[in-house]
Amino acid sequence: VEAYGAYGFNLPTRFDPGVAAMILDGWVLAHAHVRGGQERGRAWYEHGRGMSKWNTFKDLIAATEGLQREGWAAPGQIAGRGWSAGAL
């Protein structure tokens, strides 16, 4: 699961040869558009910063639970990737 939720930055979709190799090997890549980014507008950004930062983590947890519930991943088999302030 890749996530970034800070500064109103939208998580870009891009081609990554390393990720492509992992997908060919059976991995699944999911982008979690957590609060703090601006994928869903200014309010989405505001609800993921300052005293509301906890929402960013709740969104990431909900994303991983959804992957498990829908059969894309099993507990204990999910890895996360983020960077900088958006990946606290």
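Predicted model: local features only at pLDDT ≥ 70, side-chain atom pairs only at ≥ 80, totals over all residues.

Analyst: On overall shape, a compact globule of 88 residues would have a radius of gyration near 12 Å, and the protein's 13 Å agrees with that. Laid along the principal axes, the C-alpha atoms fill a box of roughly 40 × 25 × 20 Å. Look at the contacts with a separation of 6 or more, and 66% of them join residues 24 or more positions apart. Buried residues make up 31% of the 88.

You'll find Lys 53 in the loop between α2 (42-46) and α3 (54-69). Despite its charge, Lys 53 is buried, and it has no salt bridge. Which side chain of opposite charge is nearest to Lys 53? That's Asp 59, and it is 9.0 Å away, whereas a salt bridge would need the side-chain nitrogen within 4 Å of a carboxyl oxygen. So what does the lysine side chain reach instead? The backbone oxygen of Gly 5, at 2.4 Å, which falls within the 3.5 Å cut-off for a polar contact.

Put together, Lys 53 is a buried lysine without a salt bridge, sitting in the α2–α3 loop, with its side chain reaching a backbone oxygen, that of Gly 5.

Notes. Residues numbered from 1 in each chain as written. Heavy atoms only, no water. Helix = DSSP H or I, 4+ residues; strand = E, 2+ residues; numbered from the N terminus. Buried < 20%, exposed > 50% of the residue type's maximum accessible area, 1.4 Å probe, protein only. Lys, Arg positive; Asp, Glu negative; His and termini not counted. Polar contact = N/O pair within 3.5 Å; in protein donor to acceptor, adjacent residues only side chain to side chain. Rg over C-alpha atoms; globule rule 2.2 N^0.38 Å. Contact = heavy atoms within 4.5 Å.
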